[in-house]
Amino acid sequence: MGRVIKHEGIEGMRMETGAVHRMRSFARGEATWAEVEGMTFEEAKAIAQVGCDLAAAGRLEEARILFEGLVAGNPRDAGAHAALGTVYQKLGRLEEAIAEFSTALARDAGHPVALANRGELYLRKGERQGFTDLSKAVEVDPHGETAAGRRARALVKAITLVAVEKLKQDAQQP
């Protein structure tokens, strides 16, 4: 029994050539899987919104799966890494959260969500980098346009007030 090969003409060859080119670009690390599949920015944004809605509804495992898929599809997307880090943080997977926030910041050093959330986690661990991250989050969102920026501003203010009170107490002691 032989195979039947269907001739699709020049159009079929062009599509095949395009697919091969995208796959080779992926293999060389020049393209993401999302690009190979032809996922648009709008589609990725819509998927991310579903993930945010799932997380807000407390469906964290489903949100985790969705964001892990987005990160796998486009590892260059700082927002997807920050969102996955946020879900890991809510799941109590704190080291994985820090890693995702750090990856997001390697791609976008001024990502307010990654800065604020990583800052909070570092503060919990007693690390000074936490205050640095929070300060930078305030710097990149000076008007508090994001919830992360507003949270970072409140934490920086609280830490500063505590530090001032501590300095006052230390100055009063002999």
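This section describes the fold, the packing and selected residues of a predicted protein model.

The protein contains nine helices and zero strands. Read along the sequence, the elements follow the pattern α-α-α-α-α-α-α-α-α. Of its 174 residues, 33% are classed as buried. Among contacts between residues at least 6 apart in sequence, 40% join residues at least 24 apart.

The mean pLDDT of the protein is 86, and 85% of the residues score at least 70. Among the elements, helix 6 (residues 94–107) has the highest mean pLDDT, at 98, whereas helix 1 (residues 9–27) has the lowest, at 62. Where pLDDT is low, the predicted coordinates should not be read in detail.

The largest nonpolar core comprises 31 residues. Within this core, A63, F67, A114, A116 and A152 have the most contacts. At least two core residues come from each of helix 3 (41–56), helix 4 (60–73), helix 5, helix 6, helix 7, helix 8 and helix 9. Helix 5 makes the greatest contribution to the core, with seven residues. For F67, the residues touched, not counting those up to four places away in sequence, are A48, G51, C52, A80, A83, L84 and V87.

Helix 7 (residues 112–124) consists of 13 residues. The distance from its first C-alpha to its last is 18 Å, close to the 18 Å expected at 1.5 Å a residue. Ten of the 13 residues are buried, so helix 7 is largely enclosed by the rest of the structure. The buried set is made up of P112, A114, L115, A116, N117, R118, G119, E120, L121 and Y122. These buried residues pack against helix 5 (78–91), helix 6, helix 8 (129–140) and helix 9 (147–172). Just after helix 7, G126 adopts a positive phi of about 80°.

Within helix 7, R118 has a relative accessible area of 13% and is therefore buried, the cut-off being under 20%. The side chain of R118 forms a polar contact with the side chain of S102, at 3.0 Å. Not counting residues up to four places away in sequence, R118 touches I98, F101, S102, L105, Q129 and D133.

On the side of helix 5, Q89 belongs to that helix and counts as buried, at 14% relative accessibility. Leaving aside neighbours within four places in sequence, the contacts of Q89 are L94, A97, F101, N117, E120, L121 and R124. The list includes N117, E120 and L121, which are among the buried residues of helix 7. Between Q89 and F101, which are twelve residues apart in sequence, the C-alpha to C-alpha distance is 10.0 Å.

The loop between helix 6 and helix 7 holds H111. H111 is buried, with a relative accessible area of 14%. Leaving aside neighbours within four places in sequence, H111 is in contact with A78, G79, A82 and L105. Of these contacts, L105 is also touched by R118.

Helix 9 has 26 residues, which should span 38 Å at 1.5 Å a residue; its end C-alpha atoms are 38 Å apart, in agreement with that value. Buried residues in helix 9 are A148, G149, A152 and V156. The cover over the buried residues of helix 9 includes helix 7 and helix 8. A152 is also one of the residues with the most contacts inside the largest nonpolar core.

G149, in helix 9, is buried with a relative accessible area of 0%. Leaving aside neighbours within four places in sequence, G149 is in contact with V138 and D141. G149 and K136 lie 13 residues apart along the chain, and their C-alpha atoms are separated by 9.4 Å.

Definitions and conventions:
Residues numbered from 1 in each chain as written. Heavy atoms only, no water. pLDDT = per-residue confidence, 0-100. Helix = DSSP H or I, 4+ residues; strand = E, 2+ residues; numbered from the N terminus. Expected span 1.5 Å × (residues − 1). Buried < 20%, exposed > 50% of the residue type's maximum accessible area, 1.4 Å probe, protein only. Contact = heavy atoms within 4.5 Å. Core = buried A, V, L, I, M, F, W, Y, C linked by side-chain atoms within 4.5 Å. Polar contact = N/O pair within 3.5 Å; in protein donor to acceptor, adjacent residues only side chain to side chain.
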